[in-house]
Protein chains: 2
Amino acid sequence: MVKRYLSVTSLRETLTLLRTGFTCTPSRERVPLLKSVGRVTAEPIFARYSVPEVHLAAMDGIAVVSRETRGASEQHPVTLQQAVRVNTGNVVPPEYDAVIMIEDVHIDGEQFTIRKAAPTWQHIRPAGEDIGESEMALPSGHLIRPHDTGALAAYGITDVSVLMVRIGLIPTGSELVSHGSRPAPGQVVESNTLMAEAMLGALGATCTRYPMVKDDPVHIRKMVQHAVFENDIVIISAGSSAGTKDYTADVVTELGEVLIHGVAIKPGKPAIIGRIGKKPVIGMPGYPLSALTVLREIVAPLVHAFGLPVPSYGTVDAWLTVSVSKDIGSDEFVLCSLGRVGDRWVLTPMSRGAGVQMSAVRSNANLKIPAGVEGYEAETLVTAGLTVSRAEAEQALLITGSHDPLIDYLADLLQQKEIGLHSTHVGSMGGIFSLKKNECHAAPMHMLAENGDYNIPYLEKYLPKEEMSLVCIAERQQGIVSRTGIGFDDITRHSFINRQRGSGTRMLLDHELRIRGMANEALKGYEREVTTHLAVALAVKAGEVEAGMCVYSAAKALGLRFIPVASERYEIAIRREHLDDPRVSQLCDTIVSPAFKEILENLGGYDTKETGVRRELP
Amino acid sequence: MVKRYLSVTSLRETLTLLRTGFTCTPSRERVPLLKSVGRVTAEPIFARYSVPEVHLAAMDGIAVVSRETRGASEQHPVTLQQAVRVNTGNVVPPEYDAVIMIEDVHIDGEQFTIRKAAPTWQHIRPAGEDIGESEMALPSGHLIRPHDTGALAAYGITDVSVLMVRIGLIPTGSELVSHGSRPAPGQVVESNTLMAEAMLGALGATCTRYPMVKDDPVHIRKMVQHAVFENDIVIISAGSSAGTKDYTADVVTELGEVLIHGVAIKPGKPAIIGRIGKKPVIGMPGYPLSALTVLREIVAPLVHAFGLPVPSYGTVDAWLTVSVSKDIGSDEFVLCSLGRVGDRWVLTPMSRGAGVQMSAVRSNANLKIPAGVEGYEAETLVTAGLTVSRAEAEQALLITGSHDPLIDYLADLLQQKEIGLHSTHVGSMGGIFSLKKNECHAAPMHMLAENGDYNIPYLEKYLPKEEMSLVCIAERQQGIVSRTGIGFDDITRHSFINRQRGSGTRMLLDHELRIRGMANEALKGYEREVTTHLAVALAVKAGEVEAGMCVYSAAKALGLRFIPVASERYEIAIRREHLDDPRVSQLCDTIVSPAFKEILENLGGYDTKETGVRRELP
């Protein structure tokens, strides 16, 4: 009987079951030493011979019998009876027990004269100095690092026995197309097993991706049987929920046993833990971030139980910038962008949609909210797990406010200076509030005030007396995007899509309506909101609406018509105290760089004459 | 003109020259997405299409026109005119703008009745939710991580343009034999370019190892010309010093220019920085740890200048256990073993011999002593660079005292529990002093006192009133090792090799001589000291001496004869306050484990009847 989805199991119980319900005995294989980096030794490795095997000269000079050198001094030079010329690395013949550097020897034909006694073993690398024959060079369970290979090669090791955890990955789903094919609407590229292979491969597992299987229990069953035979762990991608086309649980039940159906984690709840022929079989949900969470929180610990190390970047205590709430009962994992502003770490959750893979790409931290907690208030201190090195997180530049594709190009240029630009799109007003709470390094904005100026009146109002600098990124054109070339004057005759409240683009729209004496309600779709320029252009391109307002670059990127409405000052506001922060000064340098100017010109729709101009408040 | 070795260049100047003297423009190549993990993007990557491309249902249910649902409530159910059944992931047809979960719908044939209004866009994944067509998914200069591949695959990316830094590695030296061959005395396995390939490959460089070249300038020149043509950087291994058979500098001078010969670092001083046809050519010294230092301190920054990231594990402030001194003028890098004892990090330098690769294998930290400093006193706080993750360093178990091969087997068993045993061999008395300063977790010892007991009298004397526990590892046999079967009674008739002062083995020897009324001087070689059992056995095996005293396992490992002299109690002393430390309790558990007992029995020469027996002081 398939346990239905109603009773989910906690993550803790799930992990306990994995540890105790399976023997987790890894396979092993011999690999050439050159391919062993990143693998884990399955048995201790012993030196085949001593290194060096015999005493070697550690200097260029002469090998001597130390006894013969006794009493030598500046006043009483000694001419040696027995001595022989040696270079560094040469064997010291057994009758000698010290080496004297060539600089300290007077050579006269075959005669060597010295002025200083040589203690026994001087300048000799004794046999076994590095390692002795039969000595243990590496224990079992050791992750082989690049520099280990040099030592092992020197000790006569040509191949090593390493742990092997074989993981079979089965993609299922009739909506899948293979990587490289163009999906039709409603189809998706099969990317989850590819991600799984990359992630588990990086842990040292040996992955096999099987061909895609349609939603058909007969075919899925056949593939699972095959994969269980060939692997230590099997992961069935998608079909793990309890819908009409979800067959994973049924198949596992037929071939073995479903131990858990539904784990109390979010994203990732529809996970399945099963057992077929003593081997663990994991049902991995189809949403990419659900799959990612199951790989990280369930599969990685399982792989660890098989003996492979799972690296961790550690944690950081950070101040949450916005409240996050959740239902009681599940551990929830929220991908975040983390950065250090002044002497505080601040943490901003990203989109929690399980289909939004860009949250994983853009995040550098992961906040776990335990099952028993309903969420956290903004401005509480929380502990976040790093998903990048701490050094990389220290380099995060936090940009919060109005979005423009230019910000991505700034990110591109800054990445080359190893600064990671993390932008949060909350509109111009959102940026002001973030600046007010000192939760970002810079806020891009373009807010037209009643006096006709941009931005300054708003900063004066919301951040009175604060010392601020405004750096102009560009003057940019906003206009009407459409498939057919609609201008502002025709706008009421067409369906429209708006930007969110507080966005500069909406303010500009309201201003343009007002000066023409038009009511907001005249626009069909005024109340329909999206949050980016590109989302406006996408809705137009898809034919959902006929017109919207956005920047030129968004229209151009999608091959749409664009009729300019107004130019506006797109500036970035910075607390003056942060101007000396190397991340911020690099940002300012990048804005005035020739490379950025070239980008602005190529994109079109931007005027660069004000680019880099700084205005100060107060 | 070759600049001779006399004027070395500081590391700082060397790095400045590398940054400013070369353009460091990487090549680029296209690689399949599946092979791109660990590579660095050469250009930004844009989504080929929006994901999702159209609005999709986020739940199983019905697609509805939200306007039609207005007013629906428990009291006033609404039967919809337009609605269509959709499953999660299905396309929502353009005429609908919300989805209602199937659980909330009353279905009667073709009729759908609802009791709650659906806000616009409810349970819909809007087109472009993850990413919009043309949006930047990754900037250039981004290190591709495993989970990035899943996202890129979903966005239609099949291959990516990545940075390529091609490095040619040329091994030189007539004494080299290739990896896998058994070196004759005075020969060495060519392992340095292998280590270089592994280390630089791990940074993302593309390495080519060329065939070994003998010490012959004509052949070296030909190979260098060839490698310069094919690569962005060329590394010539060995021959970089100023000896009679060191041709690197001459060859570089003939083909281009030697910019630096001799860098003020130790190990690694004989490094060469040259330029041939605008490309950097590095002369890498032949001693393995010199090579390692040049790779880490000079080549890695150069590779970084080409755009590849060089990860860092960060630093730790630690208390130095022993003094280290050095000459003024060079930055010296000392490999160390680092661990946390109580709430302090303690740092112990390892062998500084440039040929001792095991120092690199065993160390977990690296202490840089700047050029202007003569060294550091014991018990000063210094900053050490981690060479493993901080989490791994936290798991280091520090064992200081008398060495026995058993300690390596304990390390092997503990590694499987992710505890890294770091042992420092300073003899039993050295262990006592380390315990006294609280600089280790446990000290193995076997010191026979005049009252016939082992260890306790010494602990009482040197650590009076301290609360200590002694755990017996085994009773072990010490005896005379020889090729011919020499017993203690014949010992004065043969040449001998002794252990260092303070070692328990030497105390036992002295005791055995004393009870027989023999003078120390009666032994030919009493004054000749080595520091491990294996070193004694190696000297005997090599024929340098006829006899020595060591444990049975060392004699057995080298196939030598062994005549027992005495059994002694080999115990491990632990401050009682550390017994609850998980690393120490795992050590104690391991000592009494069946796996360890089996090892003791297989090795021979150990009696396990006292194994695990604990004695307490006071």
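Guide: H1(A) crosses H7(A) in a right-handed sense, a crossing being right-handed if the near helix is turned clockwise from the far one by less than a right angle, and left-handed if anticlockwise. The model is predicted: local features need pLDDT of at least 70 and side-chain atom pairs count only at pLDDT 80 or more, while totals for chains, interfaces and linings use all residues. Residues are numbered from 1 along each chain as its sequence is written, and chains are lettered from A in the order in which they are written.

Helix H1 of chain A covers residues 11-21 and helix H7 of chain A residues 288-305; helices are DSSP runs (H or I, at least four residues), numbered from the N terminus. The two pack at an angle of about 30°, with their axes 10 Å apart. Axes here are lines fitted to C-alpha atoms over the stretch in contact, and angles run from 0 to 180 degrees between N-to-C directions. H1(A) is therefore roughly parallel to H7(A), the term for angles under 35 degrees.

From H1(A), the contact takes in Leu11(A), Thr14(A), Leu15(A), Leu18(A) and Arg19(A). H7(A) contributes Glu297(A), Ile298(A), Pro301(A), Leu302(A) and Ala305(A). Contact means C-beta atoms, placed from the backbone, within 7 Å. By class, the contact of H1(A) with H7(A) holds seven nonpolar residues, one polar and two charged; Ala, Val, Leu, Ile, Met, Phe, Trp, Tyr, Cys and Pro count as nonpolar, Asp, Glu, Lys and Arg as charged, and the others as polar.

As for the chains, chain B can be laid on chain A with an RMSD of 0.1 Å by a turn of 180° and a shift of 0.0 Å along the axis, superposed by least squares on C-alpha atoms of residues with pLDDT of at least 70 in both. That is the relation of a two-fold axis.

Conventions: Parallel < 35°, antiparallel > 145°, perpendicular 65-115°, else oblique. Contact = placed C-beta atoms within 7 Å.
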